[in-house]
Every structure is written in structure tokens, then in C-alpha cells.
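This briefing goes through one protein chain by topic. The sequence and structure come first, then the notes.

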Amino acid sequence: WSVVCERAAHPTEESYTSRLLNDKKGIDKVLEKVGEESTEFILAVKNGVNERTVEETADLLFHVLVALKAAGVDLADVLRELEHRRK
């Protein structure tokens, strides 16, 4: 999360995160990636290939974090919500 926030605050052309956050399509670009990575994650789990599942989970989580940043939602708020739901 701290790296995503850093890339948002100090964008560079070399940073994939910065490019996602500053794409001309706006938040739609990162949301497209969340959708793509969600599908790849589902297929990896369904196919039962552990290594691919790990890789696709990392991709999905990363893009969700970038989408949260693009939407102006702090990860701490999401974590608090999860804590609130814990029984």
C-alpha cells in the first residue's frame, strides 16, 4: 500500500503504478485490469495450478490496491471494515 501511495504522490513514467493512476481513461483503466486479473485468478484456482494461483492472486491484489487509491479509498478503512465484521 505504501508503494502505491508513493507512486501516486510522486509519479514517474517508469512506474507501472503511476501510469495506471494517470491513464487517460481514468479509473476505468485500472478497473479493466481488476476485471482481467479477477478472471485470470478464477481460472488459475479452477485449474488447480498452485504457482499460477499465487501469481494471479498477487496481480489481483495489486490492482485492487491501485483501484482503491484511484477511488480515494484508504486501505485502512477496508481493514477496519474487515475487523468490524469479525465475530
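Val-3 lies in helix H1 (residues 2–9), where helices are DSSP runs of H or I with at least four residues, strands are runs of E with at least two, and numbering starts from the N terminus. The model is predicted: local features need pLDDT of at least 70, side-chain atom pairs count only at pLDDT 80 or more, and totals for chains, interfaces and linings use all residues. Residues are numbered from 1 along each chain as its sequence is written, and side-chain values use heavy atoms, with hydrogens and water left out.

**Val-3**
- Val-3 has a relative accessible area of 48% and is therefore partly exposed; buried means under 20%, exposed over 50%, and partly exposed in between, with a 1.4 Å probe and protein chains only.
- Val-3 and Val-66 are 63 residues apart along the chain, and their C-alpha atoms are separated by 10.0 Å.

**Overall fold**
- The protein chain contains five helices and zero strands.
- Its pattern along the sequence reads α-α-α-α-α.
- The C-alpha trace spans about 40 × 35 × 20 Å along its principal axes.
- The protein chain has 87 residues, of which 22% count as buried.
- Taking contacts (heavy atoms within 4.5 Å) between residues at least 6 apart in sequence, 51% join residues at least 24 apart.

**Nonpolar core**
- The largest nonpolar core has 10 residues: Val-4, Leu-20, Val-30, Val-34, Leu-60, Leu-65, Val-66, Ala-67, Leu-68 and Leu-75. Such a core is a set of buried Ala, Val, Leu, Ile, Met, Phe, Trp, Tyr and Cys residues joined through side-chain atoms within 4.5 Å.
- At least two residues of this core come from helix H3 (27–47), and at least two from H4.
- H4 gives the most to this core, with five residues.
- Leaving aside residues up to four places away in sequence, Val-30 touches Leu-20, His-63, Val-66, Ala-67 and Ala-70.

**Aromatic pair**
- A search of the whole structure finds one aromatic pair. Rings of Phe, Tyr and Trp (its six-membered ring) pair if their centres lie within 6.5 Å; planes under 30 degrees apart count as stacked, over 60 as edge-to-face and the rest as tilted.
- Tyr-16 and Phe-62 form this pair, with 6.1 Å centre to centre and 25 degrees between the planes, and the pair is stacked.
- The pair links distant parts of the chain, 46 residues apart: Tyr-16 is in helix H2 (residues 16–21) and Phe-62 in helix H4 (residues 50–71).
- Tyr-16 counts as partly exposed because its relative accessibility is 36%.
- Phe-62 has a relative accessible area of 24%, so Phe-62 is partly exposed too.

**Other positions and C-alpha distances**
- Ile-42 is placed in helix H3 and counts as exposed because its relative accessibility is 52%.
- Asn-50 belongs to helix H4, and its 59% relative accessibility is why Asn-50 counts as exposed.
- The C-alpha atoms of Asn-50 and Thr-12 are separated by 34 Å, the two residues being 38 residues apart along the chain.
- Leu-79 is in helix H5 (residues 75–85) and is partly exposed, with a relative accessible area of 42%.
- Leu-79 and Glu-32 are 47 residues apart in sequence and 24 Å apart in space, C-alpha to C-alpha.
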